[in-house]
Every structure is written in structure tokens, then in C-alpha cells.
Amino acid sequence: MDTHPEWNDLKVFLAVARLGTISDAGEKLGIEHSTVSRRIDRLEATLRVVLFDRRRSGYSLTDAGHALIPHAEKMESALLAAVEESLEAADFIKGNVRVGTPEAFGIHVLAPGMAQLRQKHPGLRIELMAQPQFPSLVTREVEILVTLDPPQMGRYKVAKLAQIDYFLYCSPAYRDAHPPIRELSDVAQHDFLDYIHDGSVSERYRVLEELVLEPNRCFSSNSVLAQRSAAAAGLGLVLLTPYVANVNSGDLISVFPDKPLITRSLWIAAPEDLLRIKRYQFAWRFIREQVESQPELFHPSA
């Protein structure tokens with residue numbers, strides 16, 4: 001038996017590792033799920049190891065599977081770099097880049113710039129995963145990650161993207177119907193909106209308890225947009241970043257307009273090998289430019 005695996009089998013292996021099921025991998029690659037299963041079986045037979053723990057809920061990597069990931073990704077990056085070199089002379093950027101971001105950042109900061117990006121580079125397609133729980137760079141669930149939790153280990157380029165400040169907001173109706181808030185100590189008697197802290201969102205979103213030791217939560221959601229909507233309806237107080245609150249809409253007001261109450265650092269990270277490829281370099285710069293060109297989304301003027 002040939003002991004050298006085929007690239008097509010490794011490509012299928014990476015797709016299953018990243019997506020978690022053979023059906024999703026087959027859809028991504030444009031092949032039947034039976035072909036995906038057959039290629040995984042063949043790769044395991046070639047390497048004489050079990051790469052996946054097969055469960056009804058999906059495929060998860062074994063220790064051998066985790067060990068194979070960086071080697072398969074090096075082959076993938078080498079192939080992508082070769083394709084990039086063939087396009088270099090034409091100065092043409094083409095292909096997909098999957099970006100993971102916090103929910104509201106992706107929606108309010110990145111998505112509005114997509115039309116301009118499309119005009120400049122119609123061949124570049126951004127796949128945006130904007131969600132409360134940060135997706136994985138390790139399995140290449142995403143290829144560029146905007147996060148509050150930068151990777152501490154591995155071959156990644158990591159850079160600080162922005163400082164984000166949290167302000168306290170409520171609706172005008174809530175303000176008028178409840179005891180006045182003149183000092184920070186007054187907020188303890190009020191109702192709050194917050195995240196569900198059951199592991200479904202990053203622990204870096206546990207900001208409310210830094211403000212109030214035992215907050216009275218009247219509503220919780222894994223979506224910050226749902227929290228904003230409930231606050232705008234008059235349900236309670238909520239900690240938000242300025243690009244989520246958007247006080248110009250008129251349905252929320254800042255309780256302490258000149259006083260950010262909690263601060264977090266926002267980071268951008270990507271595998272070093274991918275950043276040698278032109279389209280990932282451009283996507284990285286695009287994200288940074290979107291932040292740098294819109295400071296008012298992060299630090300509103302007094």
C-alpha cells in the first residue's frame with residue numbers, strides 16, 4: 001500500500017475537521033457525502049491511525065487528527081500560494097476568506113464596508129461568521145479572527161485592533177419611569193439586561209459583574225442585539241459599546257455620556273502561513289482600515 005496520502009484526501013480531511021460533519025464537508029467541496037466518508041476511510045488506512053471520533057452528532061478530531069492538522073494545512077497553504085503567484089502579475093485578488101467576529105462588530109463595523117470592497121476587488125469573497133462565541137482558528141473554522149480572546153499559543157500573527165469601551169444605556173421611557181441615576185452607586189437598584197453565562201458565549205463578555213457585584217438580571221440573551229432591542233423597549237439598563245447602542249437612532253440614551261465604565265481590548269489574529277497569501281493579507285488590512293476609519297464607532301465624542 002502507498003504510504004503517502006493523496007492531497008485530495010487531505011483536503012477532505014481538513015473540510016471535515018473544520019465543519020464537523022461529512023455532509024457539511026461534502027456540500028462545501030461539492031462532492032457526495034459518501035465520497036467524503038470513503039476518502040476519510042482511505043486516509044486513515046494509509047496512515048494507519050484513526051483521525052476522527054465518529055458520533056451521531058458529528059466528527060471530532062482524535063489526538064492523531066489534531067497532530068495531522070498543521071501538516072495538512074502547510075500543504076494547503078503551499079498550494080494556495082502557488083495559485084496566488086499565478087495571479088500576481090495581473091494584480092488580481094480572488095477567492096474566499098472566512099472571517100470570524102463578535103456578533104455586533106461584524107454587523108455594524110465590517111458588513112457596511114462590503115459594497116466598497118466588492119467594487120475594488122470583485123473576485124474576493126468574504127464569508128462573515130458574526131456570532132457571540134468565537135469560532136476556532138485551530139481547525140480553520142475561520143481564517144481571520146476578530147476576538148476578545150487572542151490565541152496564546154501556536155503560529156499566529158496577533159495584533160491589537162481597538163480598545164472598546166462599554167457605556168451604560170437605557171431608553172428615555174425607562175429613565176422617566178424609574179428612580180433617577182445620579183451616581184454609579186444608584187444603578188444597583190435597577191434592572192439589567194445581560195448575556196446568558198452558561199458557556200454559550202465567551203467569558204470575556206462577563207462585563208456586568210465588574211460594574212455591579214450582584215446585578216438584578218431581568219432579561220438575558222446570547223445576542224447583544226436582542227439585549228439592545230429589549231433595552232430600547234424600556235426593559236432595563238444595558239452595557240453596550242457605542243457601535244451597538246447607536247444613540248443617534250433616538251431609542252437609547254447614555255446614562256453617563258462621558259464615562260466609559262468597562263474597557264476591553266479587541267484583537268485580530270490569523271495563521272502566519274495564510275498571511276503569506278495575498279487575499280488574506282488584503283482582508284487583514286481591510287478589517288484594520290474599517291476600524292481605523294471609524295473611530296466614532298468606538299469612542300463617541302462628548
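Author: The structure holds 2 cavities of 30 Å³ or more. A cavity here is a set of points, on a 1 Å grid over the protein atoms alone, where a 1.4 Å probe fits but cannot get out. Grid points are joined across faces, edges and corners, and a volume is the space filled by probe spheres set on the points. This is a predicted model, in which local features need pLDDT of at least 70 and side-chain atom pairs count only at pLDDT 80 or more, while totals for chains, interfaces and linings use all residues. Residues are numbered from 1 along each chain as its sequence is written, and side-chain values use heavy atoms, with hydrogens and water left out.

The largest cavity has a volume of about 140 Å³. Its lining consists of 16 residues, where a lining residue has an atom within 4 Å of a point. Tyr166, Tyr195, Tyr205, Thr241 and Tyr243 lie nearest the centre of this cavity. By class, the lining has 14 nonpolar residues, 1 polar and 1 charged. Nonpolar covers Ala, Val, Leu, Ile, Met, Phe, Trp, Tyr, Cys and Pro; charged covers Asp, Glu, Lys and Arg; the others, Gly among them, count as polar.

At least two lining residues of the largest cavity come from each of α5 (103-110), β6 (156-170), β9 (237-240) and α10 (242-245). These elements are DSSP runs numbered from the N terminus, with helices (H or I) of at least four residues and strands (E) of at least two. α5 gives the largest share of that lining, 3 residues. This helix is mostly covered, with 6 of its 8 residues buried, that is, under 20% relative accessible area with a 1.4 Å probe and protein chains only. The buried residues of α5 are Glu103, Ala104, Phe105, Gly106, Val109 and Leu110.

An automatic or database domain assignment sets the bounds, and the protein is divided into domain 1 (7-87), domain 2 (95-163 + 265-297) and domain 3 (164-263). Because domain 2 and domain 3 both give residues to the lining of the largest cavity, it lies between them.

The second largest cavity contains about 40 Å³ of space. Leu193, Asp194, Tyr195, Val207, Gln227, Val238 and Leu239 line it. Tyr195 is also among the residues nearest the centre of the largest cavity. β7 (191-194) and β9 each supply at least two residues of the lining of the second largest cavity. That lining divides into 5 nonpolar residues, 1 polar and 1 charged.

A pocket is an open set of points with protein on both sides within 12 Å along at least five of seven lines. The second largest pocket has about 540 Å³ of space. It is lined by 23 residues, and Glu73, Arg140, Gly154, Arg155 and Tyr156 are the closest to its centre. Helix α4 (residues 63-88) supplies the largest share of this lining, 5 residues. The lining of the second largest pocket comprises 11 nonpolar, 4 polar and 8 charged residues. Domain 1 and domain 2 both contribute to that lining, so the pocket lies between them. As for the remaining pair of domains, the centres of domain 1 and domain 3, taken over C-alpha atoms, are 43 Å apart.

Methods. Buried < 20%, exposed > 50% of the residue type's maximum accessible area, 1.4 Å probe, protein only.
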